[in-house]
Structure formats: C-alpha cells, structure tokens
Amino acid sequence: MMFGLSLAQFIILHVAISLIGIGTGLWAMIAYARGRGFLPVSGGLFLASTAATTITGFLFPFAGLTPAVITGLVSTLVLAVAFAARYVATGSGRAETAYAISATAALYLNIFVLVVQMFQKIPALNALAPTGTEPPFLVTQLLVLAAHGVLGFVAWRKVSTSNECLC
C-alpha cells in the first residue's frame with residue numbers, strides 16, 4: 001500500500017498524472033515553439049505533473065538500478081534545470097534557452113516511457129516487439145526522439161531570436 005492505495009490503484013494514479021504531464025507538456029511546448037512564451041497554467045501544470053510522475057515513479061517497489069530508475073534520475077536532473085530556469089533565473093536569454101531545452105527533454109522522457117509501456121502492455125504492439133529491441137519499437141522511439149529534437153530546436157530558435165539585441 002502506498003498513500004492508502006493498493007498497488008493497482010497507485011499505478012492508475014501514476015499513469016493519470018503521467019498523461020496529464022504529457023498532454024499539458026505537448027500543449028505548452030508547442031505554444032512555446034510558436035513563440036507564445038511560457039504559458040503559466042499549462043506550463044506550470046506540465047512541470048508539476050511531470051515532477052509528480054517522476055516522484056511517484058520512485059515509490060514503486062523495485063530492486064537495484066533498473067532502466068526505470070535511471071530514467072527517473074535523468075528526469076529529476078532535467079526537471080531541476082527546467083524549474084530553476086523558469087522560476088529562479090527568469091527573464092534572461094540563458095534561462096529561456098535552458099528552459100526550452102530542459103522542458104523538451106522532460107517531455108521527451110515522459111513520452112519515451114509512454115512508448116515503452118504501450119509496447120509492453122498493448123497486446124498488438126507487444127506482438128510486434130515483445131522484447132523492446134525489434135525494429136517497430138526502435139523506429140517508434142527514433143521518431144519520438146526526432147519529433148522532440150525538432151520541437152526543442154524550434155523552441156530554442158524562437159527563444160534565441162527573441163532575445164537577440166537589436167542595438
């Protein structure tokens with residue numbers, strides 16, 4: 001039991017928080033890449049729910065250092081940069097760049113895990129890639145990485161061009 005929830009209930013809570021993070025992250029990062037800047041509600045909800053996803057992920061019973069734990073540790077570091085850039089060093093061009101990159105990375109990690117879970121839990125996808133090393137899984141992850149690379153680059157370019165001195 002965790003927080004008075006059975007493991008099954010805790011998994012549902014963790015997944016719901018993750019999906020909120022992914023949905024608000026996509027909304028916020030696409031708006032950011034379009035030059036709308038940081039959206040306080042969706043951007044804040046994205047950061048908070050992604051942090052909650054990472055924290056609840058560490059509460060699952062596990063033994064040793066697993067890929068999930070490593071992903072959680074990387075996510076923690078990326079989120080620390082995103083929070084610092086957004087709420088501590090706000091307004092500077094470097095902070096905006098740090099946020100664009102770290103928020104994109106945090107969103108990528110959330111979607112990376114979503115794809116892993118989908119290939120493990122959805123029978124049709126699992127049949128295509130039962131071990132997670134087959135081409136359908138690898139191509140899907142490559143496409144997710146490429147999409148986030150483009151999203152992050154566009155967001156970074158919007159931020160870097162909006163912070164250039166026109167003196």
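Angles under 35 degrees count as roughly parallel, over 145 as roughly antiparallel, 65 to 115 as roughly perpendicular, and the rest as oblique. This is a predicted model, in which local features need pLDDT of at least 70 and side-chain atom pairs count only at pLDDT 80 or more, while totals for chains, interfaces and linings use all residues. Residues are numbered from 1 along each chain as its sequence is written, and side-chain values use heavy atoms, with hydrogens and water left out.

As for confidence, pLDDT being the predictor's confidence in each residue, from 0 to 100, the protein averages 88, and 93% of the residues score at least 70.

Let us take α1 and α4. Their axes, lines fitted to C-alpha atoms over the stretch in contact, with angles from 0 to 180 degrees between N-to-C directions, come within 10 Å and cross at roughly 140 degrees. The two helices are therefore oblique to each other. Contact, meaning heavy atoms within 4.5 Å, involves M29 and Y32 among the residues of α1, and Y99 and A103 among those of α4.

Turning to α3 and α4, the axes come within 8 Å and cross at roughly 150 degrees; α3 and α4 are therefore roughly antiparallel to each other.

Which residues touch the most other members of the largest nonpolar core? They are M29, Y32, F46 and Y99, out of 29 residues. Such a core joins buried Ala, Val, Leu, Ile, Met, Phe, Trp, Tyr and Cys residues through side-chain atoms within 4.5 Å, buried meaning under 20% relative accessible area with a 1.4 Å probe, protein chains only. The most comes from α4, with 12 residues.

Definitions and conventions: Buried < 20%, exposed > 50% of the residue type's maximum accessible area, 1.4 Å probe, protein only. Helix = DSSP H or I, 4+ residues; strand = E, 2+ residues; numbered from the N terminus.
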